[in-house]
Amino acid sequence: MLGCYDFCGHYDWTFQWIEKNAGKVALHEYWEQSISNDSQAHAAALIVKGGVSGMADYWGHTLSEEAPGGGFSARIDGDRFLVEMTDCPSRGFLLRNKIEFSGDYCDHCIGWIGPLMRRAGFSIHHAHNHQGQCYWEFRPAADGNRSDLEEWKATLEKAWAERGNKIDIFSGVSAVSQKESKK
Amino acid sequence: MKHLPYQDSKPQGAADFYFAINATFRFMVQRFGHDGFVRWLREMGRDYFATVNRQWRDGGLPAVAAYWREFFDAEPGADVDVHEEPALVTIRVHRCPAIAHLRGAGRTVAKEFCEHCYFLNQSRAEESLLSMTVEGGNGACVHRYAPRGVLVQGAGKIREVV
């Protein structure tokens with residue numbers, strides 16, 4: 001049986017299997033069709049209907065299940081929803097167990113969250129450092145930057161860069177293929 | 001958790017991951033066909049589970065029994081007995097944790113769900129010089145492990161999920 005205890009391990013193994021057998025586009029289709037539309041239908045139901053309140057409901061439940069020991073903050077800030085992962089339970093599982101089957105495990109998050117947020121009318125501002133840390137700002141698609149949040153994100157990116165982490169950034173985009181990387 | 005290949009910081013997994021496992025079965029069948037679904041499971045059984053396969057090959061049936069006890073302890077909602085005899089390990093799944101969680105959440109369970117246990121675990125058994133069978137399904141089933149060549153999977157013994 002495939003279990004949920006080591007889910008992140010066989011999930012990562014499956015990413016490389018799909019990419020090896022059908023290419024990167026098929027992997028992106030897997031994240032959108034299978035994970036975003038099918039597996040995470042409960043997240044879509046909450047977020048498309050409830051906006052940032054739905055995000056609080058979804059991430060409140062899922063992060064407390066996946067990371068009961070903490071390692072994250074998630075909150076509504078006006079018309080936006082902010083998440084900061086300091087110890088991602090999913091990427092952390094792979095790092096602690098030295099698992100590295102696929103090329104870039106962290107991409108799976110934007111792979112399923114991106115299409116969902118597009119449907120819900122939110123834009124995504126996200127970066128991750130491949131070490132279990134990332135930030136997410138979900139804002140109404142028509143809204144612009146907010147200086148305090150730009151400062152928050154820049155501070156995190158600077159700290160990761162000083163540690164020599166490879167950083168992937170998604171600014172106002174919702175497709176995994178639209179990332180920019182910097183070291 | 002010394003018999004599981006990977007260790008998490010919490011004692012049990014997050015049950016909502018069964019949603020993704022179920023959805024992945026549907027995707028694999030639709031995208032790669034039933035043969036591709038089987039190939040994915042068999043290759044995963046051989047490669048992803050290589051560490052456990054070595055434990056089973058070296059430790060024999062006692063290692064198989066120890067693994068499945070720890071495995072189901074880490075799956076939320078499982079009701080399973082593992083019975084060990086000198087030449088046979090029998091795993092009685094009274095309540096499959098995945099199917100119970102999916103049904104509890106109102107999800108449509110992939111009809112191939114129970115096949116995955118057979119194709120994945122048969123591959124692992126082969127790598128470990130063992131044989132295995134699955135009987136039942138649809139929320140409750142029996143798995144058996146014995147030395148290679150002893151057990152043969154009978155046709156029609158695995159139930160589709162309805």
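pLDDT is the predictor's confidence in each residue, from 0 to 100. The score matters here, for this is a predicted model. Chain A averages a pLDDT of 94, and 99% of its residues score at least 70. Helix 1 (residues 7-22) has the highest mean pLDDT, 98. Strand 6 (residues 180-182) has the lowest, 73.

Start with helix 1 of chain A. This helix has 16 residues. From its first C-alpha to its last, helix 1 reaches 22 Å, close to the 22 Å expected at 1.5 Å a residue. Its buried residues include A:F7, A:C8, A:Y11, A:F15, A:W17 and A:I18. A:H10 and A:D12 are also on the buried list. What do the buried residues of helix 1 of chain A pack against? Within chain A, their partners are helix 2 (24-39), helix 5 (89-96) and helix 6 (107-120). They also pack against helix 1 of chain B. Just after helix 1 of chain A comes A:G23, with a positive phi of about 95°.

Now move to helix 4 of chain A, residues 52-66. Its 15 residues should span 21 Å at 1.5 Å a residue, and its end C-alpha atoms are 20 Å apart, which agrees. The buried residues here are A:V52, A:M55, A:Y58, A:W59, A:L63 and A:E66. Look down the helix axis. These buried residues fall within an arc of 115°, so they line one face of helix 4. With 3.6 residues a turn, residues three or four places apart point the same way. The buried residues of helix 4 of chain A pack against helix 3 (41-50), helix 5, strand 1 (72-77), strand 2 (80-85) and strand 4 (134-140) of chain A.

Next, look at the two chains together. In contact are 32 residues of chain B and 29 residues of chain A. On the chain B side, helix 1 (17-47) and helix 4 (113-127) are the elements that give two or more residues. Helix 1 of chain B gives the most, with 13 residues. By class, this side of chain B has 19 nonpolar, six polar and seven charged residues.

Finally, turn to the interior. In soluble globular proteins, nonpolar side chains tend to be buried together. The largest nonpolar core here has 99 residues. Those with the most contacts inside it are A:I47, A:L116, A:I124 and B:F17. Helix 1 of chain B supplies the largest share of this core, 14 residues. Take A:L116 as an example. Leaving aside neighbours within four places in sequence, A:L116 is in contact with A:S36, A:Q40, A:A43, A:A44 and A:I47.

Conventions. Residues are numbered from 1 along each chain as its sequence is written. Chains are lettered from A and ligands numbered from 1 in the order in which they are written. This is a predicted model: local features need pLDDT of at least 70, side-chain atom pairs count only at pLDDT 80 or more; totals for chains, interfaces and linings use all residues. Two residues are in contact if their C-beta atoms, placed from the backbone, lie within 7 Å. Helices (H or I, at least four residues) and strands (E, at least two) are DSSP runs, numbered from the N terminus. Ala, Val, Leu, Ile, Met, Phe, Trp, Tyr, Cys and Pro count as nonpolar, Asp, Glu, Lys and Arg as charged, and the others, Gly among them, as polar. A nonpolar core is a set of buried Ala, Val, Leu, Ile, Met, Phe, Trp, Tyr and Cys residues joined through C-beta atoms within 7 Å. A residue is buried if 20 or more other C-beta atoms lie within 10 Å of its own, exposed if 12 or fewer, and partly exposed in between; C-beta atoms are placed from the backbone. The expected span of a helix is 1.5 Å times one less than its number of residues. The arc is that of the directions from the helix axis to the C-beta atoms.
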